[in-house]
Structure formats: C-alpha cells, structure tokens
Amino acid sequence: MEVATSRRPIEMPHQSPGFFKRRTFNQMKKRSHSADTDDSFSSHTLETRLSNSSSSHDRSATECLIELRDYFSSPSSPSVSDAEIFRFACYHNFQYSEALTDILQKHDSRHMNLRMSGFLMKQLQTKTLFPLPGLKTKNKKCDVFYMRPSRYVPSQMKTTMVIDNLCYVLNDLSQTKDQCQNGVAFIANMNDWTMKNFSHDYCFQFMQALQGKMVPTKVELFLIVNPPSWFGRVWKVMKSMLSKSFAKKVHMIKEDRLGEFLMDGYDQYVPDEFSAGWKITEEITDDYIDFRQYEDSQKDTGLRLIHPRG
C-alpha cells in the first residue's frame, strides 16, 4: 500500500548546521526524506491495487483505505490527510469501523499535533525518553526508542509532560508506511530506578499510551533492562494494566542480552548509559531536539501557506 502525505517534501540543507553531530543528523535526514517520498498514494493507485491484488488481505486493506478516503472526501467530514488515514487503518489491521471511530476521536487531539517547543522541549532536555536513530530490532524492522525511568519523579513532575514526550516520539516514529506496518520497540533502562520513580496513575497512563490509547502506534517489543531484584512486585501492578497480547511483548532482561533482541552492532547506537553503549546520551537528545525543531517549523510553514491567515 502506498500512502501519500499532502505536505511538500522537506528540502534539507546540503551541509548540516554546526550544532548537529554529522552522523546522527544524516541518519535523521535519511529518515525524513523517506517519510516525504516513500508513502504517497492516490485513489487511482489504491483502485489499481484493488483490481490487481491476488491477496485477500491486501484487497481488504485497500478496500478499507478507499472507504476511509471516500468518507473523509465529503465536504461535511473533517480534514484528515492520507498519511493519517493509513496510520490509523494500519494500526487497526484495516478494520474500517474501528479505524473510522478512532480517527474521528483522535485525529485532531492534542497528542496527535504536538510540536517541539516550550514545555515539551524542556521535557526532552531531561534526557528521559527519546529515539535511537539508526537502531533496529533483530529482524531489522522496528525502529527503537529509549527511556531512563529514573529521571522521572512523579511527585516532582507533571505526568502530562512525560506522556506528551512519549506521544511525540511515537508520532515521529510513525511517519512512513514501513514504520506504521512494522511498529516500534521500546527499551527501558531501569538502572538507578526506585519506588520514588513510580506512581500508579503515571504507570497507568504510560501503559495506556504504549497500547495505542492516545496515538495509533504499534509497540511490538518492550524490553525492561536491568530491573531491580524486587521489581516483580511492580510488574504485577503493570501487568494488570496490559492486555494479554501486549504483555507477551514484554521481556525483563539484563543488558548483556540486548543482542538477542537488537540488530548486530547495536552497541554503536545505544546510549553510553549501558556498559556497551557508544553514543553520548546528551548528543543524541541535543541532535534530536534541534532536528525536530527544524522539521516542525517546516511543517508549520507549510500549513500557513495552505491556510494563510486573514
């Protein structure tokens, strides 16, 4: 299925700005380009695939996308991009009714339209949760994001901030067809984590977000790395918040087992907070913030050109 965004391709500078570390910037630049060029689709393309497809699954998926596109082509319907239609439909395994209901409930929600600025930018600067550019799972399909839960203290910080942080990253890792179809992987580095970093409400909201209740992204793997010896008590609480199918995606491991789940050479991409990690954590987050500020400004410029004020 080829899905197209309505936005124009982003023209990235030929030379990265001085505040970008070149390697990380180039990885992000490559992904940004694929997000703009890889996922275009039109009604004609969908109809052609529908008539030519020999797979019943592909035909059902195409039918779902065409029906959703037809629904949102109506003047009385809200404006929803083709990329959003594909993302929601893919998350719901191309079940029309479920996808339509979710789009109507969430497409214009705050969590779907976050930008790298203000309080969200300050939250990213805490180095609590961020993507790991270039890293994939063992099957080389899923992009990976990382969290250091010990940096979040519920009694001192607003839960909404870390949830916004999570949703922003999930949105960023759901821009292309392959990302929507393959889902993402999540690494939680539990070093230095204590009960002061836990609250029932925070945990519940976080688990709901991981299961697609706030934005439509499939989390296919959840690695809880280096949990304390007494973490089993917390896991019982967490597990009660998870569906049976999602709980099967969770693995509690020591960091020396990361290679069982991540691609060869993973140590070049994970933070130096792991003993085998090569990447400087602060550089990863600084690069990510700078790059996303640039991309978000381009999106907002495009929106102003489409919907000029006055």
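**Charged side chains, buried and partly exposed**

Tutor: K106 and D102 lie together in helix 5 (residues 96-106), 4 residues apart, which is about one turn of the helix. In this predicted model, their side chains meet in a salt bridge, with N and O 3.0 Å apart. K106 has a relative accessible area of 11% and is therefore buried, the limit being under 20%. D102, at 6% relative accessibility, likewise counts as buried.

E295 is buried, at 2% relative accessibility, and R292 is buried with a value of 2%.

The pair E260 and R257 also forms a salt bridge, its closest N and O atoms being 3.0 Å apart. Here E260 is partly exposed, with a relative accessible area of 47%, and R257 is partly exposed at 32%.

The whole structure holds 13 salt bridges. Some of the charged residues are joined in a network, which links R148, R151, D192 and E273.

R87, in helix 4 (residues 82-91), presents another case. This arginine is buried but has no salt bridge, and the nearest side chain of opposite charge, that of E84, is 7.0 Å away. A polar atom of the R87 side chain does lie 3.1 Å from the backbone oxygen of P216. Neighbours within four places in sequence aside, R87 is in contact with M112, L170, N171, S174, C180, V215, P216 and T217.

Nonpolar side chains in soluble globular proteins tend to be buried together. In this model the largest nonpolar core has 82 residues, of which L135, F145, I187, F206, L210 and F222 touch the most other members. Helix 7 (residues 159-172) is the greatest contributor to this core, with 7 residues. With residues up to four places away in sequence left out, F222 touches F186, A188, M207, L210, M238, F246, K249, V250 and H251.

Definitions and conventions. Residues are numbered from 1 along each chain as its sequence is written. This is a predicted model: local features need pLDDT of at least 70, side-chain atom pairs count only at pLDDT 80 or more; totals for chains, interfaces and linings use all residues. Side-chain values use heavy atoms; hydrogens and water are left out. A nonpolar core is a set of buried Ala, Val, Leu, Ile, Met, Phe, Trp, Tyr and Cys residues joined through side-chain atoms within 4.5 Å. Buried means under 20% relative accessible area, exposed over 50%, partly exposed in between (1.4 Å probe, protein chains only). Helices (H or I, at least four residues) and strands (E, at least two) are DSSP runs, numbered from the N terminus. Contact means heavy atoms within 4.5 Å. Lys and Arg count as positive and Asp and Glu as negative; His and the chain ends are not counted. A salt bridge is a side-chain nitrogen of Lys or Arg within 4 Å of a carboxyl oxygen of Asp or Glu. A polar contact is a pair of N or O atoms within 3.5 Å; within protein, one must be able to donate a hydrogen and the other to accept it, and residues adjacent in sequence count only if both atoms are side-chain atoms.
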